[in-house]
Structures are given as structure tokens and as C-alpha cells.
Amino acid sequence: MNSEQPEERQDGRPVGRRVFLGTLGLGALGVLTAPVLQRGLEGFLGRVAGKDPTGLTGLLPNGGGFRYYSVAASVPHRTAADYRLTIDGLVDHPRSHTLAELRALPQTRLVRDVQCVTGWRVPGTPFQGVRLSHLLDAAGVRPSAKAVRFTCFDGTYTESLTLDQARRPDVLVALRMQDEDISHDHGGPVRLYVAPMYFYKSAKWLSGITVTDRVKPGYWEHLGYDVDAWVGRSNGRTDEPTS
Amino acid sequence: MSLRAEAPAPPSARVHRFTRAERWVHRATAALMGACVVTAAFLYIPQLAVMVGRRELVVRIHECAGLALPVPVLLGLASRAFRADLRFLNRFGPHDKVWLRAALRRDKRRAARPAGKFNAGQKIYAAWIAGATLVMLGTGLMMWFTRLTPLMWRTSATFVHDWLALTVGVVLAGHIGMALGDPEARRGLRTGTVTEEWARREHPLWRR
């Protein structure tokens with residue numbers, strides 16, 4: 001090269017193209033090998049997160065912990081003073097419960113994994129509350145009833161279960177999560193907990209239970225998710241069942 | 001004034017570096033990338049997600065910005081200057097090897113860092129971010145239109161999308177950090193011209 005008149009060559013080796021195509025190839029390879037990589041990383045991060053005082057590992061993908069999902073712009077806060085859970089529809093005794101009344105009912109504590117349909121899983125999470133079947137029996141479900149619809153005080157979210165699903169012993173109207181009163185961000189003071197299904201079924205900020213004659217798809221189900229959301233047997237996923 | 005051609009330009013003279021089309025490609029890409037990063041943060045970081053909610057709207061903005069991200073570059077292909085720059089970015093000469101070796105040794109001496117219009121680091125960054133953007137677009141589409149691919153793939157796509165997002169975030173921070181440290185480089189992308197002195201120092205092999 002002439003140092004007096006340096007000229008930039010345009011005929012060098014096409015390294016840029018190779019880096020570009022190599023990145024694309026690695027991306028495709030990543031998608032193909034993701035199941036193996038993910039299992040390894042989850043195990044590794046799970047061990048690291050236990051010893052991580054900063055909590056930064058919680059921000060890594062699959063780093064463990066819950067993620068906050070809300071479909072509403074803002075969610076009002078409800079306390080013991082103004083929270084009500086109404087039960088109506090095809091029942092003999094429509095009524096509404098205060099938080100104190102719910103706390104006075106027999107409590108059930110379950111410890112299961114939580115599985116989100118987007119992939120994250122939180123192992124061994126305790127939930128405690130009143131069995132939904134208990135509330136339904138107390139209200140007197142009519143023979144024509146087939147399903148239960150849930151509404152939430154965020155004003156937007158809805159969910160639903162068949163009556164058989166709703167009567168399972170691992171479906172709770174949950175008051176406590178991780179052995180604490182459920183915080184607002186986690187859907188408190190009262191949320192639904194459907195242990196055997198993907199976590200979008202466990203509606204946060206539960207305020208209404210309506211017994212109906214057929215299943216009405218809920219919020220995410222209108223957007224393409226399965227209504228019968230069994231963990232490992234729906235939404236095209238093969239996760240380990242949670243309950 | 002025929003002597004002018006032989007006399008070296010004064011160090012303060014402005015040298016043309018980027019055309020209007022090239023500057024707009026960079027600006028539009030940066031804006032769309034910024035929209036992707038900000039919306040991603042609001043979807044992903046719990047503390048931010050708690051502040052905003054409205055998951056559906058944020059997802060929609062993220063999807064639209066991501067889909068549009070390659071468009072400025074594709075439109076830029078209509079510009080001759082932009083195509084010439086892509087060739088510069090693609091081709092590596094012997095001096096690029098020298099530059100990379102010096103970078104690995106953290107050798108910051110001018111003589112150790114020969115560069116044409118773009119240095120070797122910029123070339124690798126450009127090629128990598130282009131590839132990474134398309135991987136993000138592909139995995140993003142797989143998560144978006146779940147019926148197009150076997151549903152099992154969505155988990156894999158989510159995995160790649162999440163980890164690559166983190167990597168892109170780190171690399172992008174490096175890119176922006178380096179730009180913040182070099183006002184003249186930023187002026188080049190803002191106004192299209194740089195000083196003769198800067199060009200000679202940072203890009204001694206750049207043919208003009």
C-alpha cells in the first residue's frame with residue numbers, strides 16, 4: 001500500500017457478510033437447541049439465585065421468580081374495608097363476602113409449582129385460601145349450571161372454568177401466597193388459584209364469581225389461548241404437570 | 001487556485017462523511033431500536049411493568065417497531081452512497097486485522113489502529129447487529145403468530161429472543177457509550193461532515 005496516498009480497498013475478504021450470516025446461523029441453532037440449553041440454564045441459575053443477595057439473577061431470562069403481567073392501565077387498590085367478592089348467576093343464594101368472612105372460612109394450603117404459558121416456572125409456591133367448591137356449595141349451584149365465570153376489579157380481566165374444573169380440590173380462592181397476604185401486585189387481596197392449569201387461569205384481583213350455563217372464554221382465551229389450560233397438555237406446551 | 005489541489009486542507013476544514021440518506025437510515029433505525037428497547041424493558045422488568053400495565057398496548061408498540069426495524073436499511077439500499085458504505089463495512093483488508101489485534105491488546109496508539117472509512121470494530125458491530133436484528137425479528141414473529149410454526153417452537157423462540165435481547169442491550173449500550181465519547185463522530189452523523197483532523201486521526205486510510 002502506498003503510504004503517500006492511502007486508498008481504501010473494497011476487494012478485501014467479505015468478513016462482514018460472514019459475521020452477519022454466522023449470527024443468523026447461531027440464532028437458528030439456538031432455536032433448535034433451546035430445550036436442552038434452557039434446562040441446563042434453569043438448573044444453573046436456580047442454584048446461583050439461591051446464593052445471590054443482590055437479586056440481579058431474577059432479572060435474567062429464566063432466572064426464576066414471578067413476572068408482573070397486567071392487562072389494565074391501572075388497578076384500584078382494595079383493602080379489608082372495601083373488598084367484596086360477589087357470587088351470583090345460577091345459584092340459590094347469591095351473596096357477597098368481605099375479606100374477614102373469607103378468612104373465617106376453612107383454609108386450604110397447597111404447595112405446587114407455578115407455570116406460566118410464556119415459559120417461566122416458579123417451583124414450590126405455597127397458596128392458601130378457601131376452596132372454590134366450598135363457596136359454590138354454600139351458594140347452592142342450580143342443576144342447569146355448567147360453568148363458572150370470574151371477573152376482576154381491574155375492570156378488564158375475565159376467566160372461566162367448567163363446573164367440574166371449578167370443583168376440583170386444588171382450585172382455591174386464594175388469600176395468601178408464599179405464606180403472606182397476597183400483595184396488590186400479585187393480585188391481592190384475593191386472587192383465583194387454579195393449581196393444575198397455566199397461571200393465566202389464576203385470575204388476579206378476583207371480585208366476582210358468576211355461575212353460568214356454558215363456558216365463556218376469558219380475556220386471554222379471546223386472544224388465542226386455550227380455555228382448558230392444563231399444564232403440559234394445552235397451548236402446545238409439554239411442561240411437567242403442576243398438580 | 002490550481003495549487004489548492006496539492007496543498008493539504010487545513011485541519012479545521014470539514015470533510016463530507018455521510019449523505020442525507022445515510023443519516024436518515026441511521027436516525028430511523030436508532031428510533032425504532034430505541035422503541036423496541038424501551039417497550040421491552042416495560043414488558044420485562046417487573047418494577048417497570050408494575051408502573052405501566054396495559055400489556056396489550058405495549059406489546060403492540062413493540063411488535064410494530066420490531067417489524068419496521070429493517071425498513072430504513074432496505075429503503076437505504078436505493079442510495080448509492082449507502083450501498084458503497086455497506087461494501088466498506090463488508091470488506092476486511094489486512095489493516096482491519098491489525099486494528100482488531102491492537103484492540104484485543106488494548107493498544108490505543110494511533111499507529112496501531114489503522115482504519116478506512118469504518119474501523120474493524122464498527123464493521124463487526126454492523127454485521128452482528130444486522131444479523132441479531134433479523135434473529136430477533138424471526139423469533140419475535142414465531143412468538144407473535146403462534147399458529148405459523150409448530151407450537152412447541154414458541155418456547156424455543158422465547159428463549160432465544162430473551163437471551164439475545166439481553167446481549168443486544170449490552171452491545172447497544174457499548175455502541176452508544178462509544179458515540180458519547182466521540183462528539184466529532186456524532187457530529188458526522190448529525191451534520192454529515194467531520195473535521196479533516198478527526199478524519200485523518202480516526203480513519204487514516206479512508207479514501208475521499
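1. Domain bounds, as used in this note, come from an automatic or database domain assignment. For chain A of this predicted model, that assignment gives two stretches: domain 1 covers residues 15-59 and domain 2 covers residues 84-222. The C-alpha centres of domain 1 and domain 2 of chain A are 35 Å apart.

2. Chain A contains an open sheet of five strands, in the order β2-β1-β10-β5-β6, with mixed pairing. At its edges are β2 (95-98) and β6 (158-162) of chain A, each of which pairs on one side only. From one strand to the next, the twist averages 20°.

3. Strands of a sheet pair through backbone hydrogen bonds, and the pairing is either parallel or antiparallel. In chain A, β1 (residues 84-89) and β10 (residues 206-212) run parallel and are joined by four bridges. Within this part of the sheet, G89(A) is found opposite V211(A) of β10(A).

4. In chain B, the helices to look at are α1 (residues 20-44) and α3 (residues 55-68), whose axes come within 9 Å and cross at roughly 150°. Angles over 145 degrees count as roughly antiparallel, and α1(B) is therefore roughly antiparallel to α3(B). The crossing of this pair, α1(B) and α3(B), is left-handed.

5. The contact between these two helices draws on L32(B), A35(B), C36(B), T39(B), A40(B), F42(B) and L43(B) from α1(B). On the α3(B) side it involves V58(B), V59(B), I61(B), H62(B), A65(B), G66(B) and A68(B). By class, the residues of the contact of α1(B) with α3(B) comprise eleven nonpolar and three polar, with no charged.

6. Helix α1(B) also crosses α5 (residues 80-90) of chain B: their axes come within 7 Å, at an angle of roughly 65°. Since 65 to 115 degrees counts as roughly perpendicular, α1(B) and α5(B) are roughly perpendicular to each other. Their crossing, that of α1(B) and α5(B), is right-handed.

7. Where α1(B) meets α5(B), the residues from α1(B) are A21(B), E22(B) and V25(B), and those from α5(B) are A81(B), F82(B) and D85(B). The residues of this contact of α1(B) with α5(B) divide into four nonpolar and two charged, with no polar.

8. The contact with α3(B) has no charged residues, while the contact with α5(B) has two.

Key:
Residues are numbered from 1 along each chain as its sequence is written. Chains are lettered from A and ligands numbered from 1 in the order in which they are written. This is a predicted model: local features need pLDDT of at least 70, side-chain atom pairs count only at pLDDT 80 or more; totals for chains, interfaces and linings use all residues. Axes are lines fitted to C-alpha atoms, for helices over the stretch in contact, and angles run from 0 to 180 degrees between N-to-C directions. Angles under 35 degrees count as roughly parallel, over 145 as roughly antiparallel, 65 to 115 as roughly perpendicular and the rest as oblique. A crossing is left-handed if the near helix is turned anticlockwise from the far one by less than a right angle, and right-handed if clockwise. Two residues are in contact if their C-beta atoms, placed from the backbone, lie within 7 Å. Ala, Val, Leu, Ile, Met, Phe, Trp, Tyr, Cys and Pro count as nonpolar, Asp, Glu, Lys and Arg as charged, and the others, Gly among them, as polar. Two strands pair if DSSP finds at least two bridges between them.
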